[in-house]
Amino acid sequence: MYFIDKVTSKRLIISAYTEEEMDQLIAATDDCNKNEAYRAMLQGMRDHQDQYLWYTNWKICLQQSGLILGSARFMGPPNDNHEVEIDYDLGAACQNQGYRTEALEELCAWAFRHADCFYVQAETSVQNTAAQEVLAKNHFRQIGAGEERLRFELEKPKFTWLPIYLLLGFAGGLYLGIAFDRLAYGLTIGLISGIAFGLTLNRADQKARIRNTNKPQ
């Protein structure tokens with residue numbers, strides 16, 4: 001389980017609310033819709049203590065001044081198709097400052113550090129071109145469209161293990177070859193082992209990304 005509850009970028013500090021902080025946020029929020037959403041988050045945190053970071057609110061602040069710019073949240077942990085959904089809310093003062101792009105990038109990176117998360121999704125209204133631009137800057141691609149909402153997705157960057165294990169195999173083979181005075185034999189064993197491990201891990205990564213296309217929409 002990945003429990004890091006704070007991430008930093010060049011200009012921002014993004015930290016997860018604790019249960020106590022969520023209680024305080026609820027008490028200080030007069031907006032009925034936001035208050036209800038915060039209560040649902042808090043209940044999710046309490047119901048899923050071992051995964052509370054996927055349910056809580058994340059506070060987005062400027063590093064230098066500590067000014068709160070807004071917040072973001074995930075809609076629960078990765079589902080069976082390795083997908084999570086993210087939403088964020090930063091004030092109008094953040095327009096054209098790049099803070100939304102920066103915050104979204106860091107939170108997606110945080111999500112992708114979890115072994116079972118391969119896709120981050122987000123929705124925005126058809127009219128919200130500013131939000132669509134932020135998603136585009138973070139390399140989200142559109143995967144769905146309705147009359148009022150558009151859906152976007154970012155896939156976890158693919159990583160190939162083959163070069164790494166080839167190098168490890170070469171190093172191990174070189175060591176064996178020198179140790180037993182059979183260099184060619186050692187290098188052959190090492191390189192074959194490196195290729196086998198690298199390809200196995202690559203296949204495992206590809207398999208993990210496979211999704212159930214018959215899931216309910």
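# Briefing: contacts, helix packing and loop residues

Lys-6 touches Ile-13, Ile-14, Ser-15 and Trp-58, leaving aside residues up to four places away in sequence. The model is a predicted one. Trp-58 also belongs to an aromatic cluster with Trp-54, Phe-74 and Trp-110.

**Lys-6 and strand S1**

- Lys-6 sits in strand S1, which covers residues 6–8.
- Ala-16 is ten residues from Lys-6 in sequence, and their C-alpha atoms are 6.3 Å apart in space.
- One of the residues that Lys-6 touches is Trp-58, which is taken up under the next topic.

**Aromatic residues**

- The model has four aromatic pairs, counting rings whose centres lie within 6.5 Å.
- In the pair formed by Trp-58 and Trp-110, the ring centres are 5.0 Å apart and the planes stand at 65°, so this pair is edge-to-face; the class applies to planes over 60 degrees apart.
- Trp-58 is in strand S3 (residues 57–62) and Trp-110 is in helix H3 (residues 99–112), so their pairing ties together parts of the chain that are 52 residues apart in sequence.
- Trp-58 has a relative accessible area of 0% and is therefore buried.
- Trp-110 likewise counts as buried, at 0% relative accessibility.
- Trp-54, Trp-58, Phe-74 and Trp-110 together make up one aromatic cluster.

**Helices H1 and H2**

- The crossing of H1 and H2 is left-handed.
- On the H1 side the contact is made by Glu-19, Met-22, Asp-23, Leu-25 and Ile-26.
- On the H2 side it is made by Asn-35, Tyr-38, Arg-39, Met-41, Leu-42, Met-45 and Arg-46.
- By class, the residues of the H1 and H2 contact are seven nonpolar, one polar and four charged.

**Helices H3 and H4**

- The crossing of H3 and H4 is right-handed.
- Arg-100, Thr-101 and Leu-104 of H3 meet Val-134, Leu-135 and Lys-137 of H4.
- The residues of this contact divide into three nonpolar, one polar and two charged.
- Helix H3 also holds Trp-110, the partner of Trp-58 in the edge-to-face pair.

**Histidines with positive phi**

- Most residues other than glycine have a negative phi.
- His-82 has a phi near 65°, a positive value in a residue that is not glycine.
- His-82 lies in the loop between strand S4 (68–74) and strand S5 (83–90).
- His-82 counts as buried because its relative accessibility is 18%, and the buried class covers values under 20%.
- His-139 is not a glycine either, and its phi is positive at about 70°.
- The loop that holds His-139 runs between helix H4 (129–137) and strand S7 (141–145).
- At 64% relative accessibility, His-139 counts as exposed.

**Other loop residues and C-alpha separations**

- Asp-50 is in the loop between H2 and S3.
- Asp-50 counts as partly exposed, at 45% relative accessibility.
- Asp-50 and Cys-61 are eleven residues apart in sequence, and their C-alpha atoms are 25 Å apart in space.
- Lys-158 is in the loop between strand S8 (149–155) and helix H5 (162–179).
- With a relative accessible area of 60%, Lys-158 is exposed.
- The C-alpha atoms of Lys-158 and Asn-33 are separated by 38 Å, and the two residues are 125 apart along the chain.

Methods
Residues are numbered from 1 along each chain as its sequence is written. This is a predicted model: local features need pLDDT of at least 70, side-chain atom pairs count only at pLDDT 80 or more; totals for chains, interfaces and linings use all residues. Side-chain values use heavy atoms; hydrogens and water are left out. A crossing is left-handed if the near helix is turned anticlockwise from the far one by less than a right angle, and right-handed if clockwise. Helices (H or I, at least four residues) and strands (E, at least two) are DSSP runs, numbered from the N terminus. Contact means heavy atoms within 4.5 Å. Ala, Val, Leu, Ile, Met, Phe, Trp, Tyr, Cys and Pro count as nonpolar, Asp, Glu, Lys and Arg as charged, and the others, Gly among them, as polar. Rings of Phe, Tyr and Trp (its six-membered ring) pair if their centres lie within 6.5 Å; planes under 30 degrees apart count as stacked, over 60 as edge-to-face and the rest as tilted. Buried means under 20% relative accessible area, exposed over 50%, partly exposed in between (1.4 Å probe, protein chains only).
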